[in-house]
Amino acid sequence: MFRTSPGRRAILGLAAAAALTLSMGACGSESDDSGSSGAPAPSASADTALADKVPADIKSAGKLVIGTDSSYAPNEFLDSDGKTVIGFDVDLFNAVAQKLNLTTEWQSATFDSIIPGVNSDKYTVGVSSFTINDKRLKEVNMVSYFSAGTQWAAKKGATINPDDVCGKKIAVQTATVQVDDLTARSKKCTDAGKAKITIDQYQKQSDATNAVNTGKDEAMLADSPIVAYAVKQTNGTLELVGDIYDSAPYGYAVAKDQTEFANVIAEAVKALIADGTYKQILDKWGVTAGAVTTAEVNPSV
């Protein structure tokens, strides 16, 4: 997610969204299979050469504990049982783990608690649509695997211009890159003698989406795949506004003292790209537009 400190996300839609995000408690689900809307997740076969490179302590544990903010469909969200985490990120990282002959346990958490959880060894990896930026690169190792930008949405027929929202009420998920975006836009408004933007921040992206659906806020912005999915789920209630901008890579968050493991994860992503599993997973979730051709540890941004 294009989140700021920890930033990112977006969306389910109205009642359906509410049902999926009903419970975002700290439940964990061991999932090598990720349910999802419809087709089963493509699986990956273990790569012995890569598995041999996994650090001994992680290999011995045999399982990766993953922190994720499961309110960000279609990337990571709760299945209809209210506890199993599913989504594009889940399918892809499960395949990464399979390449390394490891299993996964997904634990729901608030977005801004995940990177601290990685650094305290609560989580082995943070997988939560983290936009790679300078601040995060100072806190953790980041392994790139996808690219997303920022997209706006509003009620169908609304006259919203993202470049002219002075005085309007805009919904956004807290701690995301989009909060910084709105803050900068609001400053331009006040510097020009216009009314500030009312920035309504929500802990869950699904709540931000519902605030626009109900008319509490006039528009929202979040990561592009999230907004596109949200609009689709609302069956025409919302529509995309403007173009995607500020594209940047997503990254897996790995502790600073686990650079060796971060490099192995990058190799596993490259292997999935090479064997076609990566594309199959992106196609399944309709997010192929964000595909990358390689994975890097701590790329320049």
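User: Where does pLDDT stay under 50?
Analyst: This is a predicted model. Its pLDDT stays under 50 over residues 3-27. The model has 129 contacts beyond four places in sequence for that stretch. Residues 32-36 also stay under 50. For residues 32-36 there are 19 such contacts.

User: What's the mean pLDDT of the protein?
Analyst: The mean is 89. Of its residues, 87% reach 70 or more.

User: OK, overall picture. How many helices and strands?
Analyst: The protein has 11 helices and 12 strands.

User: And what share of the residues is buried?
Analyst: Buried residues are 56% of the 301 in the protein. The accessible surface is about 11600 Å². Carbon and sulfur atoms account for 49% of that surface.

User: What about contacts between residues at least 6 apart in sequence: what percentage join residues at least 24 apart?
Analyst: That figure is 81%.

User: Switching to charges. How many salt bridges does a search of the whole structure find?
Analyst: It finds 11. One of them joins the side chains of Lys53 and Glu267, at 3.0 Å from N to O.

User: Which parts does that pair tie together?
Analyst: Lys53 sits in the loop between helix H2 (48-51) and helix H3 (56-61), and Glu267 sits in helix H10 (residues 259-275).

User: Next pair. What does Glu105 form a salt bridge with?
Analyst: Its partner is Lys63. The closest N and O atoms are 2.8 Å apart. Glu105 belongs to strand S6 (residues 103-108) and Lys63 to strand S2 (residues 63-68). They are 42 residues apart, and the pair links distant parts of the chain.

User: Why does Glu105 count as buried?
Analyst: Its relative accessibility is 15%. The cut-off for buried is under 20%, so Glu105 counts as buried. Lys63 is partly exposed, with 28% relative accessible area.

User: Now helix H7. How far apart are Lys187 and Asp191 there?
Analyst: They are four residues apart in helix H7 (residues 177-191), which means a separation of about one helical turn. Asp191 is exposed, at 57% relative accessible area.

User: Why would such side chains pair up at all?
Analyst: Side chains of opposite charge can pair when their charged atoms come close.

User: Which residues are linked with Arg185 in a network of salt bridges?
Analyst: Asp163 and Asp181 are linked with Arg185 in that network.

User: Last topic, sheets. What's the strand order in the open sheet of three strands?
Analyst: The order is S3-S4-S5, with antiparallel pairing.

User: Which strands stand at the edges?
Analyst: Strand S3 (71-72) and strand S5 (85-86) do. Each has a single partner strand, so one side of each is left without a neighbour in the sheet.

User: How many bridges do S4 and S5 pair over?
Analyst: Two, in the antiparallel sense. Strand S4 covers residues 76-78.

User: And what stands opposite Phe77?
Analyst: Ile86 in S5.

Note on methods
Residues are numbered from 1 along each chain as its sequence is written. This is a predicted model: local features need pLDDT of at least 70, side-chain atom pairs count only at pLDDT 80 or more; totals for chains, interfaces and linings use all residues. Side-chain values use heavy atoms; hydrogens and water are left out. pLDDT is the predictor's confidence in each residue, from 0 to 100. Contact means heavy atoms within 4.5 Å. Buried means under 20% relative accessible area, exposed over 50%, partly exposed in between (1.4 Å probe, protein chains only). Accessible areas come from the Shrake-Rupley method with a 1.4 Å probe; for residues, only the protein chains shown count as cover. A salt bridge is a side-chain nitrogen of Lys or Arg within 4 Å of a carboxyl oxygen of Asp or Glu. Two strands pair if DSSP finds at least two bridges between them.
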